[in-house]
Amino acid sequence: MKRSRSHRLRLPAIALVATAALAVAACSSSSSSSGSGTSSGSSSSAALTASAPGITATTITIGSHQPLTGPAAPGYSEIAPASAAYFAYVNANGGVDGRKIVYKYLDDGYNPTTTASVVRQLVLQDNVYAIFNGLGTPTHLAVESFLNAQKVPDVFVASGCDCWDQPSTDPETFGWQLDYIREGKILGQYIAQHFAGKKVAYFYQDDEFGMDGVKGLDMEIPKSMVVSRQSYVDTNVNIGPQVAALRASGAQVVVSFSIPAFTALLKLNSLKLGYSPTLVVSDVGEDPITLSGLLESFAKQGGATVNGNELTAGIISDGYLPTLGDPGNSWIALFKKVHDQYDAKAPFDGNVLYGEAAAYTFVQAMLKAGRNPTRADLVNAINAGLPQGPFVAPSAYSPTDHDGVTGAYIGVIDNGVLKPETPVYTTDTTATGAITTVPGTQPSAPTSGIPSP
Amino acid sequence: MTMRSLSLPRILGAALAGAAIVVILSIKLNTFRDYQIAEIAIYVTAIAGLTVLTGLSGQISLGNGAFMAVGAYTTALLMLHLGWPFIAVLVIAAIVTAAAGAVVGVAAARLHGPYLAGATLMLGVALPALANAYPGIFGGDQGLNVVYTAPGFLGASFPLTRWQAWVCSAVALVTLVLLANLARSRVGRNWRAVRDDEVAAALAGVNVARTRVLAFVVSATCAGMAGALLAIITALVAPGAYTITLSIALLTGAVIGGLGTLLGAIWGSLVIVLVPTYATDVATSHGLSTTVASNIPVAAYGVVLILVMLIFPQGIQGGLLWLLRLFGISAARPSHTASTTDAMPSAGETPARPHEKEGTQ
């Protein structure tokens with residue numbers, strides 16, 4: 001009887017396996033074969049052709065991985081929609097050489113395994129031309145070697161890790177924002193000059209982000225000034241012990257290389273202990289609007305009411321893009337206009353500015369890459385150097401340097417905006433490299449809002 | 001398709017059919033689908049081990065994601081520092097995780113129900129954090145890079161993802177064959193005996209503690225191999241990939257598929273890998289706002305879980321068998337119904353039995 005039962009069940013079993021096979025096969029309906037990857041001339045009169053994967057006569061399809069959900073989502077999830085808004089503005093005004101940009105960004109929840117999966121989907125199935133502004137250090141590291149092996153341009157990574165600047169091993173990868181070593185140096189010099197004789201402590205995320213920042217700080221701040229070094233991991237929100245240690249060290253200045261959620265936790269935990277040092281926060285962790293929103297919602301969860309703007313006042317930070325507090329600045333005016341037209345539901349904050357500015361740099365690079373660009377043309381165009389664009393300091397792009405912007409100004413948060421206090425400084429990533437002032441003023445934004453070729 | 005009802009030739013036949021399907025699909029489909037096949041195979045390997053542990057031996061584990069991390073880090077360290085071939089690395093990873101499983105199993109064998117869940121939950125949360133505690137060895141949050149390429153004889157144009165799909169599917173199928181064979185052997189009978197009534201099993205001469213530890217070792221070994229495979233397909237081993245979410249996803253897959261059935265492990269893996277991708281495609285193609293669209297996959301996952309549990313409390317596999325019986329494909333005989341339910345206990349009923357018994361004494 002046992003035999004007969006298993007015999008009877010064999011047919012259903014085969015049917016089930018076949019169903020599974022069909023289910024997987026059905027997913028392939030969107031399998032694509034666009035783009036043949038042949039290079040063609042790029043004179044201005046040439047007809048628009050499908051010159052590379054992801055490029056057709058009418059569109060340029062690019063992809064990205066972004067933390068739309070999960071621990072890094074607060075604030076950072078606004079970046080990709082802001083980039084998409086700027087692309088929509090460019091598309092509505094003639095596009096890039098007549099092609100419209102299609103920006104497909106997928107959620108990776110800040111989990112490297114998911115990043116590996118969604119980026120393969122974008123490259124292998126959706127045949128994107130390039131990966132643009134992939135966000136996060138641990139997440140993007142999971143796909144950097146894959147993208148370089150596939151020769152997919154990996155442009156303007158949304159992370160300040162110095163690891164994107166490896167032109168010899170990862171020629172396709174380019175950074176964009178101020179790298180954390182330069183940022184640490186510039187913040188460090190300011191602290192050494194303005195808080196001489198005071199006790200300084202570090203609070204940093206225990207990964208490349210925090211450690212690069214500390215590396216830069218240590219290049220400028222004398223060891224004798226640093227009384228405590230506390231780190232956190234982004235999966236553990238209980239930072240009470242670290243804050244207690246900071247307080248016990250008697251530090252009068254705390255430098256924080258943290259993501260916004262942990263900057264807010266640092267501030268609230270300090271308040272709880274009646275500890276109020278001067279806070280110096282890395283650009284990635286200080287967007288005043290994101291930060292004050294987080295402070296208010298965290299405090300609410302704890303049953304307290306706080307005024308976010310009051311709590312962020314006095315925080316010292318740096319900026320490599322023009323400050324949102326200067327609506328008269330041509331770049332801020334441009335990005336505000338685009339934001340109001342295409343992304344009005346999001347607050348106009350530092351993350352939105354970031355997303356739009358990165359999109360602007362991408363359009364600059366695409367215009368330089370030529371009329372019918374291959375993937376290599378885009379990489380060569382960036383290697384040949386890009387105009388400064390929305391950055392306050394020049395960018396470093398060259399065949400031997402894949403870092404983005406090289407400098408920033410220092411400012412103090414006042415009433416929800418960063419007010420610049422110093423001229424723009426620029427430096428390199430070495431311990432001996434001098435920190436110098438950027439001469440002249442930043443070129444203003446084009447009136448059309450679209451970079452000139 | 002209860003595990004007991006299968007003879008060895010049938011198991012091998014099914015595995016060969018599975019291998020043929022994988023090869024055909026991997027050649028027919030695009031390279032990203034190959035990658036998804038590899039992902040599915042990895043989940044099958046891990047969930048099959050878990051479904052045997054929970055469904056057959058009646059122990060719950062919320063820590064199998066941590067065992068995957070053990071396998072993955074073993075793989076990364078061996079390939080990085082010693083440059084061993086993957087097959088050797090896979091064996092070592094399996095052995096190391098088996099040892100870890102034995103250690104945990106000895107403690108776990110003394111615990112039941114929520115206490116066991118709590119202990120394994122702690123493992124799932126704490127173990128991956130070791131990578132942050134010893135960044136010098138484990139690379140901290142940034143993790144370790146793993147370099148894995150397709151063998152040269154396949155030619156330079158052979159897609160790496162197809163090779164990865166083959167390797168992962170081969171490991172998954174071998175695991176399924178071994179587990180199916182184990183489940184119908186004396187070991188499997190002992191597991192079921194212990195699950196159903198520990199006292200009766202002990203009276204019948206079954207060493208209860210050893211049987212329970214063995215189930216943990218088997219489950220951990222499967223998770224370790226899955227971790228090794230995950231390391232080579234993502235080319236990176238970082239703690240962010242092995243959080244408690246992974247452990248819970250494995251248990252979810254086992255429950256959705258049908259606890260205690262190996263075919264259920266396949267259904268569960270299909271749901272875990274494919275539902276989020278489908279939901280993302282649907283959400284983005286309907287022009288929803290970003291905040292809504294990005295949460296659709298998470299919501300879809302929850303909806304599938306709730307629906308399956310409401311409609312098919314015994315998981316997809318249980319539901320499919322019920323449907324097949326409904327349409328008279330296999331005429332229901334009383335003995336058949338009984339043995340099907342027997343092979344697929346729900347998670348809740350298992351730990352309750354000893355207490356019921358105590359109450360009636």
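Reply: In chain B, 78% of the contacts (heavy atoms within 4.5 Å) with a separation of 6 or more join residues 24 or more positions apart. This is a predicted model, where local features need pLDDT of at least 70 and side-chain atom pairs pLDDT 80 or more, while totals for chains, interfaces and linings use all residues. Residues are numbered from 1 along each chain as written, chains are lettered from A and ligands numbered from 1 in written order, and side-chain values use heavy atoms, leaving out hydrogens and water.

Chain B has 17 helices and two strands (DSSP runs: H or I for at least four residues, E for at least two).

Now for the close look, over in chain A. Helix α8 (residues 240-248) of chain A and helix α9 (residues 260-272) of chain A have axes (lines fitted to C-alpha atoms over the stretch in contact, angles from 0 to 180 degrees) that come within 10 Å and cross at roughly 60°. On the α8(A) side, the contact uses A:G240, A:V243 and A:L246, and α9(A) brings A:L266, A:N269 and A:S270. By class, that's three nonpolar residues, three polar (Gly counts here) and no charged ones.
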